[in-house]
Amino acid sequence: MYYMTVGCNQGTEAVIHSLARPNANILLRPSYAHFEARSIFSGLEFRKFDLLPEKEWEIDLQGIEAMSDENTVAMVADMARKLGILVIADEVCRETIYGDNPFVPMGKFSLIAPVITLGSISKGWIVPGWRIGWIALNDPRGLLKSTGVAKSIQHNIDINPDVTTVFQFALPDILEKSTKETFAEKNLILKQNV
């Protein structure tokens, strides 16, 4: 299931607000101000997990397990299955890869735990200001639908303005006509100039 949003920010807002409930918390990576601000606005406690520099910035899974509880509503995939919690994946920069390792979308792990993917075209396609994004529910077992999360996301999107019509019609062509070569050339230019 997909929802078109006014940039990734609207997607973030809809998802966080849909998960908020009394005493709920969300586990966030450090330095993610928009998620933090939206969590505060929605009355959702946020807890920051650590990254381990000595392990090439891996996530501290033991720390995550220690800080999660029965009120934790979302977190990273590695612990999600064990603790029965969904994953929110911000994949706005998925088309901006500097190294040799390919990008692996979190949706591929949706059999482990439901994954809500947030994306937009602003960074990957280098069109800042276009304000077109999406929410993708990767949930083959239907847990987000059966728990009402999918419906809540739709309701939250419905109360906000829609994506500009011109961009709505342009998006399918942009996505269909973008090639790996397009992104490779862009990433090479960025790598050489950053």
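N23 sits in the loop between α1 (7–19) and β2 (25–28); helices (H or I, at least four residues) and strands (E, at least two) are DSSP runs, numbered from the N terminus. This is a predicted model, where local features need pLDDT of at least 70, side-chain atom pairs count only at pLDDT 80 or more, and totals for chains, interfaces and linings use all residues. Residues are numbered from 1 along each chain as its sequence is written, and side-chain values use heavy atoms, with hydrogens and water left out.

Back to N23. Its phi is near 70°, a positive value in a residue other than glycine. Most residues other than glycine have a negative phi. N23 is exposed, at a relative accessible area of 60%. For these words, buried means under 20% relative accessible area, exposed over 50%, and partly exposed in between, with a 1.4 Å probe and protein chains only.

R131 also has a positive phi, near 55°. R131 belongs to the loop between β8 and β9 (133–138), and is partly exposed, with a relative accessible area of 38%.

Next, the salt bridges. The count comes to four, taking a salt bridge as a side-chain nitrogen of Lys or Arg within 4 Å of a carboxyl oxygen of Asp or Glu. One of them joins the side chains of R38 and E13, at 3.7 Å from N to O. R38 lies in helix α2 (residues 33–41) and E13 in helix α1, so the pair ties together parts 25 residues apart in sequence. R38 counts as buried, at 16% relative accessibility, while E13 is partly exposed at 24%.

Which residues are linked in a network of salt bridges? They are E45, R47 and D69. The closest N and O atoms of R47 and E45 are 3.0 Å apart. Between D69 and R47 the N to O figure is 3.1 Å. D69 is partly exposed, at 27% relative accessibility, and so is E45, at 39%.

Last, the helix packing. α1 and helix α6 (residues 149–158) pack at an angle of about 130°, with their axes 8 Å apart. Axes are lines fitted to C-alpha atoms, for helices over the stretch in contact, and angles run from 0 to 180 degrees between N-to-C directions. The two helices are therefore oblique to each other; angles under 35 degrees count as roughly parallel, over 145 as roughly antiparallel, 65 to 115 as roughly perpendicular and the rest as oblique.
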